[in-house]
Amino acid sequence: MDAQPYARCTYMDETFMFFLDIKHSFSDIVREVCLGFKSLKHGSFDLRYAFPGYSSCVLSNDVDLTLMWRCMYDFKLQSVDILVKDCGSSSVSSMVTHADDYSCISSSISVLPSSIVDGPEYLGHYRPEPARIYLTNEWQGFIKHVGQKFEGGALEFRQKLTKYAIELGFTFKFKRNNAQRIIAECAKRESEHCKWHVRALKCAVNDFFYIKELDNNHTCKGVLREQTSSHLGSHVVKSEISNELKANPTLKPRQIMDRFKHSFGLDISYRSAWYARELARKDVHGDDGNSYSQLLWYRDAILESNPGSYCRVEINPLTNRFERLFICFSGCIQGFQSCIPLLFVDAAHLKSKYKGYMLCATGKNGNQEFFPFAFAIVDSENNANWKWFFDHLYNILSTQGRIVTFVMDRNGGLLNAVASVFPDSSHSYCYYHLKENVRALYRNLSGYFVNKVVEEFMKVAYSPTIASYNFNLQSLKREGGKPIESFLTHLPLDKWCNAFFRGSRYGEMANSIAESFNSWCGPLRELPVFDFLEGLRVKVMENMSERKVECKKWNTVLCPPMEALLKKFMDVGRHWSISMSSETLLEVHAKKSVAVDLENGTCSCRQWQINSFPCSHALAAIQKVGDLPVYAYIEYFHTCQSYIEAYAHGIQPIPNIDKFYVDAATSSAVVQPPLVRRPSGRPKSVRMKSAAEGGTRRAIRCGRCGQLGRHNKATCTTPI
């Protein structure tokens, strides 16, 4: 907003205006109203505000005020109308209106004790709270008069009739209910002869629904608005949460229940909230099955709007069912050339109706952030799909002329695919998964002992030299015994131990970058496949754009984390003495002396080789020689310039304004969803961790000995 926003506040026939500030609280608004209308006192009035299409929105606390600001932003408004109403004014006016004469009014008032009028003023903290205005208040105006029009046809009429009944507190039943005619009457028509009824018909000219007959007076007893209603089903809830679900795809049933209680004053069941969310998802994102038919258009749109992208969609030619999809945007292909030559490979479960897996290869930029590179959608995590995924990665990476190191877990299909497709590339096991594998070896032992074994194992993994490896290995075997010895025999040293690793993994020991990317796109994995892909593209596009803008503010040679690390390492060796053997070979006398070879970029502590970043010894030697600045010995992809180049291209928008016409022209090209069988039980949204990942197994009670453990009466060996 360019100018300062303001509020027009109206009470009775008077209006005054005051400026709004984003720092205002609800108490500040109430104070402004009391200052503008001297006759009003705090607690004696209610506030409402209006926007186009919403004539009566509640303003009763700071949350409502925040929502009002949000609406002003969404509607691009500079002002808002605030209506002030006396608390209980409607009941008093109705009393006066229905009185026959002054004596009747006075007699009805004299029956009430005077304390009822003035008592609450003296109750302090025990004073009853004023009546709250809920979002359902507008529902009472949904059914008004004969001739009322419903442009949405029968669906809109049924929905508004249901909400009308909920707000007024009565129940009805349909006598006729079809697309042409709807007749409803009070549920107490037979028991109490209530005359309320409504009849609406469809107009053949415009397909609108019109009320043709309405008796809107109830002659039955017990018409009272309550917190629950038999008409409050999932379809009513769905109509109120659809817009919110667009902005928040991860909306939980409990959140829906809390929102209805707070804003609508209604209690709904967990089942109604969950089913309403599923219906709203279908309305917002479309049917899961139909989503697969949009993939062919999406592939062509990517290749047209982002030239140089790599996108493949595989469909079974016999059944026309979806099989696999691979996407790597041109901006990611070009940007990865300025990133660290590392790819973190992992798989993540998809949580939509047809499940499946997302295979992803994520890079890492010089600022130590993840760089989305390529991802695929497959039906399962098997050998064939991993081989197919790495074949496409090879088609992209082979043209870049760089040897890439892969970091991953020990999935069998994944290991076989890397070895066959990238035989010259090194690949590293994720130490986190190895650590959990070690824990699983000693599941039934005490935590202190297991932690000690894991600590010794990590010392072996981080050993920089063969001498330190042999020393730490003996300690590990003494501590862990035969289980750890058997485990190590099946673990290739060059895949996990620093002392034997071939190539460079730039100090990365875990697959945390891939896990971060999976978590980053986690909420999208619940959506249908097309919405998942489009949502992920938009997130990556915005992420690349934000980082492109952010890096322009940097004024360092290296990316900020690496610049800070460089300064830290340089400070460590300020007091060390250095002896020169030649112009490029030096001996650094630290606590223990080490040899530094500047020409080959090595140090006998091996930290320079392991991390591909000069260690403290190397930096001290570089400053001693003084021929070149320290930046000349640092990999280019750690510099700000490399970071700028990584995000220079970005991802181009994919407009879908012409998609309707393309769909109409190719309506015969329907891609069927994959065949899946829904598992029994409630759909799971959180994956259960395996024992190797630190997951816990449920203890069972033996029917023979009665003890909790991992055996039953068939395998029980306990003496009784």
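Student: How much space lies in the largest cavity?

Tutor: This is a predicted model. A search of the whole structure turns up 1 cavity of 30 Å³ or more. The space in the largest cavity is about 30 Å³.

Student: Which elements give two or more residues to the lining of the largest cavity?

Tutor: The lining includes Tyr431, Leu434, Phe457 and Ala461. Two elements meet the mark of two or more residues: helix H16 (431–441) and helix H17 (447–461).

Student: How many charged residues are in the lining of the largest cavity?

Tutor: Among the lining residues are Trp496, Arg505 and Met509. Arg counts as charged, so Arg505 falls in that class. By class, the lining has 8 nonpolar residues, no polar ones and 1 charged.

Student: Which residues touch the most other members of the largest nonpolar core?

Tutor: Nonpolar side chains tend to be buried together in soluble globular proteins. Here the largest nonpolar core holds 104 residues. A second, separate core has 38 residues, including Phe157 and Val236. In the largest core, the residues that touch the most other members are Phe326, Phe373, Phe389, Phe390, Phe457 and Leu533.

Student: What does Phe326 touch, not counting residues up to four places away in sequence?

Tutor: Phe326 is one of the residues touching the most other members of its core. Leaving out residues up to four places away, Phe326 touches Tyr310, Cys311, Arg312, Ala374, Phe375, Ala376, Trp388, Phe389, His392, Leu393 and Ile396.

Student: What percentage of the residues in the protein is buried?

Tutor: The protein has 25 helices and 23 strands. Buried means under 20% relative accessible area. Of the 720 residues, the buried share is 43%.

Notes. Residues are numbered from 1 along each chain as its sequence is written. This is a predicted model: local features need pLDDT of at least 70, side-chain atom pairs count only at pLDDT 80 or more; totals for chains, interfaces and linings use all residues. Side-chain values use heavy atoms; hydrogens and water are left out. A nonpolar core is a set of buried Ala, Val, Leu, Ile, Met, Phe, Trp, Tyr and Cys residues joined through side-chain atoms within 4.5 Å. Buried means under 20% relative accessible area, exposed over 50%, partly exposed in between (1.4 Å probe, protein chains only). Contact means heavy atoms within 4.5 Å. On a 1 Å grid over the protein atoms alone, a cavity is a set of points where a 1.4 Å probe fits but cannot get out, and a pocket is an open set with protein on both sides within 12 Å along at least five of seven lines; lining residues have an atom within 4 Å of a point. Grid points are joined across faces, edges and corners, and a volume is the space filled by probe spheres set on the points. Helices (H or I, at least four residues) and strands (E, at least two) are DSSP runs, numbered from the N terminus.
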